[in-house]
Amino acid sequence: MDAAKNPLELDEATLTEIIEQTTQRILHHLETLPQQHAAYDEDPETIAQRFHEPHPPDEPTPPGELLDHLFNDAIPPSLNTPHPGYLAYIPGGGLPHAAIADLISDTTNRYIGTNFAAPALTRIEANVIEWFCRIVNYPNTAFGILTTGGSMANQTAITTARHHHLGETFLNGTVYASDQTHHSITKSCTLAGIPQDNVKKIPTDNAYRIDPNALETTIHEDRSNDLDPFLIVANAGTTNTGAIDPLPQLATLAEQENLWLHADAAYGGFFTLTPDGEQRLSGIEKAHSITLDPHKGLFLPYGTGCLLVKDPTTLQDTHTARADYLPNTTTNTLLPDFSHLSPELSRDFRGLRIWLPLKMHGLEPFKANLQEKLDLARFTHEQLQQRPHITITAKPQLSTLAFRWEPPHLPPDDHDHANQDLLNRINKKGNVHISGTTLNDAFTLRVSILSFRTHQEHIQRFLTDLDEAIQESTPEQQR
């Protein structure tokens, strides 16, 4: 086919026009973000039905029409995660200049799955991983891999720990995690061939931190029953409440029992950049591996995760594979081969979306934003304590807290329904969006503060909406 007649070869004028049209819509979206709703209010299946296209298109559609369809119709009915009032789950800020990195990466389309293909870009991504090792106080010999998120980082860590400790005989292997651990741990163990019954859920204390004594007892019982304990998963900021397990105690226990200690710090890890966070997460540097999510603690777009490993040879031993069609590359500290460190061969250039914002700003603005979130969580906690009939069910250990509304004249059996109704009333206003969870068999409201756009006025808006929602509650709830 003649290149000049190939419709997939966009000429400069056409490509420029598409980029400019896209840029205009992005800028308008960002400019109006504070006025948008924090989430949608429509039945999800109705939305999905409206966008169902059972057959691929035969005819082209003008780019402007497609962009209008996306920005006017498809994007708005969503959880508006970059919104300053988004306080649900674990927020991801989505720094827009990270998208510039993705534009560069996707357009130049360089391949860094093996190091010979783009050595300079491979080194840039390796720099990012080494920076993360410094942030968590890992030794200079530590390394890791960028992933699509915490779930893949946990999967890689568990597989590596299993291979290192158990080799090919692993069906009796046992894993230990608290009853607050992220569900990706159990899923990852299953995918790694560990029977679900061998994933032991250890009870937690009244701050939702793992009980080390119960953990030690369970390990000894399993050994006496001919099982093979090999892995402890420590939480460094749970999704439910932001709880931090006693990391120094777990590190000591893991050393005594010759177990791998993995710290799931997807949410909490980057708080080590702050004085408060570094103190609360003391001991994380003793873990054999650490999961981090830059799309949480560094406010980057979703799809940006990381696994750090104190001894990277364990990653290489687990994941190295050879093929005739691949060059015989080696992994070293200067020029790693990422295909030998993870399950992936084909992968995008994830490092650029981290490298570019960090190089543009340095670490100080990230540190300041993270400290602000800790301060806002403390402020929110203080304000909730002053409100009648609000019970704090989880004090903020990082930037997440949980609470319940317990009006005294409403039967306790009705409190779950009252809190669900309160959640809906708050979110329906559209100014903020919070989420709920279950703690000790009770439906609980939770607030998680982690967006670089969330400031004092947005927390004040949440508190105002909370007060109004309580006032608007049904007469039965007002008695």
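Four strands make up an open sheet in the order S8-S9-S11-S10, with antiparallel pairing; strands are DSSP runs of E of at least two residues and helices are runs of H or I of at least four residues, numbered from the N terminus. Two strands count as paired if DSSP finds at least two bridges between them. The model is predicted: local features need pLDDT of at least 70, side-chain atom pairs count only at pLDDT 80 or more, and totals for chains, interfaces and linings use all residues. Residues are numbered from 1 along each chain as its sequence is written, and side-chain values use heavy atoms, with hydrogens and water left out.

Strands S8 and S10 stand at the edges with a single partner strand each, so one side of each has no neighbour in the sheet. The twist averages 40 degrees from one strand to the next, where axes are lines fitted to C-alpha atoms, for helices over the stretch in contact, and angles run from 0 to 180 degrees between N-to-C directions. S8 and S9 pair in the antiparallel sense over four bridges, and Ile 392 has Phe 403 in S9 as its bridge partner. Helix H14 lies across S8 and S9, at about 15 degrees to S9.

The residue ranges of several elements are listed below.

| Element | Residues |
|---|---|
| Strand S8 | 390–394 |
| Strand S9 | 400–405 |
| Strand S10 | 435–439 |
| Helix H14 | 364–385 |

Helix H4 (residues 96–108) has 13 residues and reaches 19 Å from its first C-alpha to its last, close to the 18 Å expected at 1.5 Å a residue, the expected span being 1.5 Å times one less than the number of residues. Its buried residues are His 97, Ala 98, Ala 101, Asp 102 and Ser 105; buried means under 20% relative accessible area, exposed over 50%, and partly exposed in between (1.4 Å probe, protein chains only). These buried residues fall within an arc of 165 degrees seen down the axis of H4, so they line one face of the helix; the arc is that of the directions from the helix axis to the C-beta atoms. The face turned away from the buried side carries the exposed residues Asp 106 and Thr 107. Just after H4, Asn 109 takes a positive phi of about 55 degrees.

The largest nonpolar core has 85 residues, of which Phe 132, Leu 215, Ile 290, Leu 292 and Leu 308 touch the most other members. Such a core is a set of buried Ala, Val, Leu, Ile, Met, Phe, Trp, Tyr and Cys residues joined through side-chain atoms within 4.5 Å. Helix H5 (residues 119–135) supplies its largest share, seven residues.

Note on methods: Contact means heavy atoms within 4.5 Å.
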